[in-house]
Amino acid sequence: MSNPMLSETLGKDLVSGIITRNAIQFPNPLEPTNIPMRLSGYPRRSCNKLGNNTKPVNANVPIMKEIMVPKLKFLSKNINVICDKPLTATMDQATDLYNAVKKSNAHFFLTHNYSGYPVIREMRRIIKDGLLGKIRVIRGGYLQGWLGSKEEESNKQAQWRTDPARSGVAGCVGDIGSHIMHLAEFVTNTRVKEVAADLTTFVEGRMLDDNASILIRMEDGSKGNLSVSQVAIGEENNITLSIYGEKGALHWAQENPNYARFSQIGELDKVITRGSVIQTSESMGHTRIPPGHPEAFIEAFAQIYSDAADVIQN
């Protein structure tokens, strides 16, 4: 996100950031550019130049294996971290990161940006207010088709996503399955308790899974199933989520994200729209443009960053 966009959407200024892992491309980590201070080159070296009193510095860092140490060092200096997923590549890394967050006085944020969509937040509010009653069933999916062939031979995005040395042991489950799993937890406000999954690698020579069928049991007793695939030819970013309770149901699709269907027993279905008369602080109070205009993916990231800034600034 550019500094002007950050300032416009959040009312904040970007003062630093890890821009790249490439130390050759940016040999001087603190050289001024279009932002007041740039932390580029090798993140580890850049992190070493930060003082203990530097705060807040928000580092939006990916999971590449060599980035793990700087992530921990930021936390050790009590510097707030905003991190993209996948969060860690191994269980040992996950344990180290968990312990580092516990010891740090800084905040750690994970950018599952779909939870920033206004309609998703309104669905969460509806469930929190008990309008669906006790939740029974969760059905969700995230389907893509772009890895239907051996894209990793020429596509850089495919290369790291299908490389266990850089992305960990999970393929499509870690890359996109994590999103639908997070949405299921976020909207229902409960956590996954048990998982049973059938992982498949369909493309010959690929080292990680590219398709999964997942059964889940939630802490509140509800059950669900999730379909995750990156070999579903013709699909783009087809995320769907349906929540069924005793009194009603909610249905949402990411490719038409400004609307959701709300069903209640004995009543006509309702359509929830972004920017409508519903303007609760928990859900649609932070819409940025008039209803009827698309507001989605980029703005959702902005909402997550805004949420993080609010937490950091109390």
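**Reading aromatic pairs and a pocket**

Me: Where do Phe 297 and Phe 301 lie?

Reply: Both are in helix α9, four residues apart, or about one turn of the helix. Keep in mind that this is a predicted model.

Me: How are the rings of Phe 297 and Phe 301 placed?

Reply: Planes over 60 degrees apart count as edge-to-face. Here the ring centres are 5.2 Å apart and the planes stand at 80 degrees, so the pair is edge-to-face.

Me: How many aromatic pairs does the structure hold?

Reply: There are six aromatic pairs. In one of them, Tyr 117 and Trp 252 have ring centres 5.7 Å apart and planes at 80 degrees, so this pair is edge-to-face. Tyr 117 lies in the loop between β3 and α5 and Trp 252 in strand β9, so the pair ties together parts that are 135 residues apart in sequence. Tyr 117 and Trp 252 are both buried. One aromatic cluster takes in Tyr 114, Tyr 117, Tyr 142, Trp 252, Phe 297, Phe 301 and Tyr 305.

Me: Now for pockets: what is the volume of the second largest pocket?

Reply: A probe the size of a water molecule, rolled over the atoms, shows where empty space is left. For the second largest pocket, the volume is about 760 Å³. Its lining has 25 residues, and those closest to the centre are Leu 87, Thr 88, Val 173, Gly 174 and Ser 178. Helix α8 gives the largest share of the lining, seven residues.

Key
Residues numbered from 1 in each chain as written. Predicted model: local features only at pLDDT ≥ 70, side-chain atom pairs only at ≥ 80, totals over all residues. Heavy atoms only, no water. 1 Å grid on protein atoms, 1.4 Å probe; cavity = no way out; pocket = protein on both sides within 12 Å on 5 of 7 lines; lining within 4 Å. Points joined across faces, edges and corners; volume = space filled by probe spheres on them. Helix = DSSP H or I, 4+ residues; strand = E, 2+ residues; numbered from the N terminus. Phe/Tyr/Trp six-rings, centres within 6.5 Å; stacked < 30°, edge-to-face > 60°. Buried < 20%, exposed > 50% of the residue type's maximum accessible area, 1.4 Å probe, protein only.
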